[in-house]
Amino acid sequence: MRYRLLNSRWTRPVLLFLATLPLITASYAHLAGSREQKSKAGEPRPALAFETYLVDTGTVKETTRTVGARFRFKNLSKHTVTVKKLIPSCGCLNPQLEKKVYLPNEVGEFQLKMATAGESPGQKEYFVDFNYEDTQERSTRLTLKLELPIRRLIVKPKALVVYQFTPGRTTHPVTVSDYRTETDFKVISVESTTKYAKVELGNLEIKNGLRQQKLDVIVEDTIPPGKHNGLIVIKTNDADFPELFVPIIIQGPDRKTAQRNKTVSPKAN
């Protein structure tokens with residue numbers, strides 16, 4: 001039986017096929033792997049390109065009241081870009097961008113200003129999230145780095161945020177502290193840029209060479225719905241710091257609560 005099998009007319013072709021099978025398999029795998037693969041289309045690139053994403057001013061002078069940075073950008077896409085919102089990491093930042101819509105190849109400029117009077121000394125890093133829309137929602141983070149020296153004139157708090165949801169006048173303290181013993185620092189006048197708050201000069205305290213001028217920020221009895229922004233402007237007799245600024249944000253009630261506050265009759269005495 002074995003002799004007949006070995007001498008069959010099919011034996012030699014089958015053995016030859018089995019011997020060459022590994023070579024055929026390897027050749028097919030090589031040819032299949034070398035075929036050109038179709039590339040998948042990537043996501044569209046962000047439309048805006050900035051000249052720089054980080055501004056480092058180094059150490060600022062003690063007498064510097066405001067640190068500024070400029071961020072220039074260009075719309076490199078074929079689509080119109082709409083700026084939605086600028087979100088700062090700190091209330092001391094004052095992002096400024098008047099224009100909101102940019103056509104293809106149009107250039108824009110974003111300005112960032114920071115008041116230094118209310119900030120503690122040391123290395124600082126702030127950022128603004130620049131949110132815009134081209135073919136989709138985008139967000140770019142722009143960073144400002146600097147080093148503040150030891151301050152001898154400090155305003156606290158550096159910003160006021162007031163939530164006034166119910167009727168009732170409220171008072172919020174602000175203190176200007178001068179640690180310089182060789183000066184005769186005085187606050188000349190104070191004012192508020194928002195009509196929903198006023199500022200009054202309080203007591204001047206002098207102790208161990210430290211001069212502290214107290215201020216009272218008085219928020220009005222009834223605040224309309226929504227958010228109301230402004231500045232507390234402090235004018236002084238100091239040549240290095242003639243004006244100091246404290247941002248103020250007053251958050252009023254929602255419309256439903258405001259309407260309910262109007263309709264509630266006052267309690268009898």
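What follows is a short exchange about a predicted model of a protein chain.

Reader: What makes up the protein chain in terms of helices and strands?
Author: The protein chain has three helices and 16 strands. It counts 269 residues, and buried ones make up 32% of them.

Reader: Why is T175 called buried?
Author: Its relative accessibility is 16%. Buried means under 20%. T175 therefore counts as buried.

Reader: Where does T175 lie, and what does T175 touch?
Author: T175 lies in strand 11, residues 170–178. Leaving aside residues up to four places away in sequence, T175 touches I154, V155, K156, Q212, Q213 and K214.

Reader: How do you know that strand 11 and strand 14 pair?
Author: Two strands pair if there are at least two bridges between them. Nine bridges join strand 11 to strand 14, residues 210–219. So the two strands pair, by that definition. They run antiparallel. V176, for example, has Q213 in strand 14 as its bridge partner.

Reader: What else does strand 14 join?
Author: Nine bridges also join strand 14 to strand 13, residues 197–207, and these strands run antiparallel. Here the bridge partner of L204 is Q213. Strand 13 and strand 14 form a hairpin with two residues between the strands. In this hairpin, N208 takes a positive phi near 55°.

Reader: Why is the pair of F50 and F73 called tilted?
Author: Start with the distance. The ring centres lie 5.3 Å apart. Rings pair if their centres lie within 6.5 Å, so this counts as a pair. Now the angle. The planes are 50° apart. Under 30 degrees would be stacked and over 60 edge-to-face, so 50° falls among the rest, which count as tilted.

Reader: What does the pair of F50 and F73 tie together?
Author: F50 lies in strand 1, residues 48–50, and F73 lies in strand 3, residues 66–75. The pair therefore ties together parts that are 23 residues apart in sequence. Both F50 and F73 are buried.

Reader: How many aromatic pairs does a search of the whole structure find?
Author: The search finds nine. Ring pairs also build a cluster, linking F50, Y53, F71, F73, Y102, F110, F130 and Y132.

Reader: What makes Y102 a buried residue?
Author: Y102 has a relative accessible area of 2%. The cut-off for buried is under 20%, so Y102 is buried. Y102 lies in strand 5. Among the residues Y102 touches are F73, H79, V83 and L97.

Reader: Which residues have the most contacts inside the largest nonpolar core?
Author: They are F71, L93, F110 and F130, in a core of 28 residues. The elements that give two or more residues to this core include strand 1, strand 3 and strand 6. F130 touches, among others, L48, F50, F73 and F110. A second, separate core has 23 residues, including A197, I232, I248 and I250. In soluble globular proteins, nonpolar side chains tend to be buried together.

Reader: Why is N105 called exposed?
Author: N105 has a relative accessibility of 54%. Exposed means over 50%. N105 therefore counts as exposed. N105 is found in the loop between strand 5 and strand 6.

Reader: Which residues form the covered face of strand 10?
Author: The covered face has L160 and V162, while the uncovered one has V161 and Y163. Four bridges join strand 10 to strand 16, and these strands run parallel. V162 has I250 as its bridge partner in strand 16.

Definitions and conventions
Residues are numbered from 1 along each chain as its sequence is written. This is a predicted model: local features need pLDDT of at least 70, side-chain atom pairs count only at pLDDT 80 or more; totals for chains, interfaces and linings use all residues. Side-chain values use heavy atoms; hydrogens and water are left out. Buried means under 20% relative accessible area, exposed over 50%, partly exposed in between (1.4 Å probe, protein chains only). Contact means heavy atoms within 4.5 Å. Rings of Phe, Tyr and Trp (its six-membered ring) pair if their centres lie within 6.5 Å; planes under 30 degrees apart count as stacked, over 60 as edge-to-face and the rest as tilted. A nonpolar core is a set of buried Ala, Val, Leu, Ile, Met, Phe, Trp, Tyr and Cys residues joined through side-chain atoms within 4.5 Å.
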